[in-house]
Amino acid sequence: TELDGRVAVKVAGMAVRVFARRASSSVNRSEISQFASQAEEWWDLKGPASMLHRMNPVRVAFVRSALEGLSRYGNVRRPLQNLKILDVGCGVGILSEPLARLGAEVHGCDASEASIEVAKSHKPDDLPNLRYSTVTVEQLSARKTQKFDCVILSEVIEHVNEPTNFLANCASLVAPDGLLVLSTINRAVSSFLATKIVAEHVVRLLPVGTHDWRKYAKPEEVAGQLSLLNMNVDEVAGIEFNPLSRRFQLSSNLSVNYILSASKDKPADT
């Protein structure tokens, strides 16, 4: 499948494994504190979130392509009109804002109060369809009051304590005909070299300690966990950094960053 001239690959018969990391809560307080201390700098294009800003056009393109088929009222300028999106671990809203610009009703949530305050202060006045709250996905799931056309977990699952329960709670918030979109980092030698050695220590594109390689998730592990939640991975693409252009692009290479969409199993006809 082509996405804006870039490659995405279908998942067919992917061998799956289930990941497991046991903890009492998915919220990692030390990571929350680290990101909160940097929150005021996250909208700086040359600050600690510079890589997320560079990655953002690719993330938005993938989400837009995955969701356009669901939009019943979209138009050229606002293709995601009236779709309800939950951006889990939204941080300061780097992904939430452009999705709201495309017409979606976006709810950005994060466990970091500092990040949410920055997100609210940066929110443009002309986006009434964008709101933020300091709330965890566990709390939203427990309320059982709302389902979303799309639940997004972008660069989040590698920062939580309990990915199994975290993913289950996120899946519970997806509407029956909706999608879950997840982007993260593969646990492979190449990702260790790219994200830990090069990005954090050599060229200093990320603050040292941003990631723990042991918490990265392989695509087959994510697919395996989703299958237990009655969700099927429909599409997956690599997100590749081009050091010459200093831009990200979608590719078929899943060895470092990747992004996927998954839908719920349709109930059998009776």
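Buried means a relative accessible area under 20%, exposed means over 50%, and partly exposed lies in between, using a 1.4 Å probe and protein chains only. This is a predicted model, where local features need pLDDT of at least 70, side-chain atom pairs count only at pLDDT 80 or more, and totals for chains, interfaces and linings use all residues. Residues are numbered from 1 along each chain as its sequence is written, and side-chain values use heavy atoms, with hydrogens and water left out.

View 1. Helices (H or I, at least four residues) and strands (E, at least two) are DSSP runs, numbered from the N terminus. The protein chain has 270 residues, and 54% of them count as buried. Contact means heavy atoms within 4.5 Å. Take the contacts with a separation of 6 or more: 71% of them are between residues 24 or more positions apart.

**View 2. Helix α1 has a buried side and an exposed side.** In this helix, residues 29-38, the buried ones are E31, I32, F35 and Q38. Looking down the axis of α1, you'd find these buried residues within an arc of 130°, so they line one face of the helix. (The arc is that of the directions from the helix axis to the C-beta atoms.) Here's the handy background: an α-helix has 3.6 residues a turn, so residues three or four places apart point the same way. Turned away from the buried side of α1 are the exposed residues R29, S30 and S37. And what do the buried residues of α1 pack against? They pack against β5 (105-110) and α4 (113-122).

**View 3. β5, α4 and β6 make a right-handed β-α-β unit.** Right-handed means that, with the strands pointing away from the viewer, the path from the first strand over the helix to the second runs clockwise. β5 and β6 run parallel and are joined by 5 bridges; two strands pair if DSSP finds at least two bridges between them. Within this pairing, V106 stands opposite L130 in β6.

**View 4. S96 sits in helix α3 (residues 96-101).** Is S96 buried or exposed? S96 counts as buried, because its relative accessibility is 0%. Leaving aside residues up to four places away in sequence, S96 touches D87, C90, V106, G108, L130 and Y132.

**View 5. D126 and R101 form a salt bridge.** A salt bridge is a side-chain nitrogen of Lys or Arg within 4 Å of a carboxyl oxygen of Asp or Glu, and by this rule the count comes to 4. In this one, the closest N and O atoms are 2.8 Å apart. The pair links distant parts of the chain, 25 residues apart: D126 is in the loop between α4 and β6 (130-134), while R101 is in helix α3. D126 counts as partly exposed at 49% relative accessibility, and R101 does too, at 39%.

**View 6. R187 and E221 form another salt bridge.** Here the closest N and O atoms are 2.6 Å apart. This pair also links distant parts of the chain, 34 residues apart, with R187 in the loop between β8 (174-185) and α7 (189-202) and E221 in helix α8 (residues 219-228). Both partners count as buried, R187 at 19% relative accessibility and E221 at 3%.
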